[in-house]
Amino acid sequence: MTARLPVFPLATVLFPGLVLPLHIFEERYRALVRHLVDLPEGAPREFGVVAIQAGWEVAPAGPGARATPNAGEVTLHEVGCTAELRQVTELTDGGFDIVTVGRRRFRIAEVDDSAAPYLTADVEWLPDPAGSDEVADLLAARVIAVFRQYLSLIRSDPEEISEQLPEDPTVLSHLVAATAALTVDDRQRLLAIDDTAARLRAELRLLNREAALLRQVRAVPVPLAELASSPPTPN
């Protein structure tokens, strides 16, 4: 069974339960926010966030995808996560600052780039784990230990390292995937895994890999935006 969903392509991966603030400045996505705000009370105010796989412009994705005219070679990943609208601040220029929370994973079945100012897609909801899983519980304990070791390599504040981590294996797996310094491709592969235990196993491998690299180079990845910024002026 499929559902129709507005789609917002981004250069990031959203996970269930994680907060995603957005600054909305393009008119087509302003229209999307207005549409969501105008929905009847009680209706789900959510849209799909899908990571861009290649290219810079908005384009359809999924089986049989076709490029948006004049948009170049652009593709999206097939698995995304809905963003539930929680807070909206309208700006004087007509844009919006919004706060969303990841809700449920989906797979794109078909994209429609002509029905609205923004992309919409027929999506298939992906299963969420139900009930307790002894294997996932055991893996979660290992992931917490390795994640804390990893945090000690990238953070200098002991209070940040000792922060409370969720005990629920699924919630933990989403938090680790979203907060570790991973590539979009790594995060996308984690989002696409249906089984919590399998996701935790994959995260153990990734965290061990990243920790080993950090120990060797003794450096933390710096965002490109910071590299491009002007150096501080000496006093």
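Visitor: Let me start with residues 190-217: how much of that stretch is helix, and how far apart are the end C-alpha atoms?

Guide: Residues 190-217 are 89% helix and 0% strand, with 25 Å between the C-alpha atoms at the two ends. Bear in mind that this is a predicted model. In the unreviewed UniProt entry, residues 190-217 carry the annotation "coiled-coil region".

Visitor: How should I read side chains along a helix like that?

Guide: An α-helix has 3.6 residues a turn, so residues three or four places apart point the same way. With that idea in hand, take a residue within the annotated stretch: Glu 210, which belongs to helix H6 (residues 196-217).

Visitor: Is Glu 210 buried or exposed?

Guide: Glu 210 counts as buried, because its relative accessibility is 14% and the cut-off for burial is under 20%. Beyond its neighbours within four places in sequence, Glu 210 contacts Tyr 150, Ala 181 and Leu 182.

Visitor: Which residues are buried in helix H5?

Guide: In H5 (residues 184-192), the buried residues are Asp 186, Arg 187, Gln 188, Leu 190 and Leu 191. Their cover includes strands S3, S5 and S6, together with helix H4 (169-179) and H6.

Visitor: And which residues are buried in helix H1?

Guide: H1 spans residues 27-37, and there Tyr 29, Arg 30, Ala 31, Leu 32, Val 33 and Leu 36 are buried. S1, strand S2 (19-24), S3, strand S5 (79-90) and S6 are included in what covers them.

Visitor: Let me step back to the whole chain. In what order do the elements run from the N terminus?

Guide: The order is β-β-α-β-β-β-β-β-α-α-α-α-α-α, which comes to seven helices and seven strands. There are 235 residues in the protein chain, and 40% of them count as buried. For contacts with a separation of 6 or more, 66% are between residues 24 or more positions apart.

Visitor: How do I read the strands?

Guide: In a regular strand the side chains alternate between the two faces of the sheet. Seven of the nine residues of S3 are buried, so S3 is largely enclosed by the rest of the structure.

Visitor: Which way do S3 and S1 run, parallel or antiparallel?

Guide: S1 and S3 run parallel, joined by four bridges, and Leu 10 stands opposite Ala 51 in S3. S3 and S5 run antiparallel, again with four bridges; here Val 49 is opposite Cys 81 in S5. S3 is also joined to strand S4 (residues 75-76), antiparallel, by two bridges, and Ala 54 has Thr 75 as its bridge partner in S4.

Visitor: What about strand S7: how many bridges does S7 form with S1?

Guide: S1 (residues 2-10) and S7 (residues 120-125) pair over five bridges in the antiparallel sense, and one to follow by eye is Leu 5 with Ala 121. S7 also pairs antiparallel with S6 (residues 96-112), over six bridges. In that pairing, Phe 106 has Trp 125 as its partner.

Visitor: Is Phe 47 buried or exposed?

Guide: Phe 47 is buried, with a relative accessible area of 1%. Setting aside neighbours within four places in sequence, its contacts include Leu 5, Phe 8, Leu 22, Leu 32, Leu 36, Cys 81 and Ile 98. As a distance to check in your viewer, the C-alpha atoms of Phe 47 and Arg 103 are 9.8 Å apart, though 56 residues separate them along the chain.

Visitor: Which residues touch the most other members of the largest nonpolar core?

Guide: They are Phe 8, Leu 22, Ile 24, Phe 47, Ile 98, Phe 147 and Leu 207, in a core of 48 residues. Helix H2 (residues 134-154) is its biggest contributor, with eight residues. Domain 1 (2-59 + 72-125) and domain 2 (134-217) each supply at least three residues to this core. Apart from this core lies another, of 11 residues, including Leu 5, Ile 52, Phe 106 and Ala 121.

Definitions and conventions
Residues numbered from 1 in each chain as written. Predicted model: local features only at pLDDT ≥ 70, side-chain atom pairs only at ≥ 80, totals over all residues. Heavy atoms only, no water. Buried < 20%, exposed > 50% of the residue type's maximum accessible area, 1.4 Å probe, protein only. Contact = heavy atoms within 4.5 Å. Core = buried A, V, L, I, M, F, W, Y, C linked by side-chain atoms within 4.5 Å. Domains from an automatic or database assignment. Pairing = 2+ DSSP bridges. UniProt positions renumbered as here; feature names shortened; annotations may be inferred.
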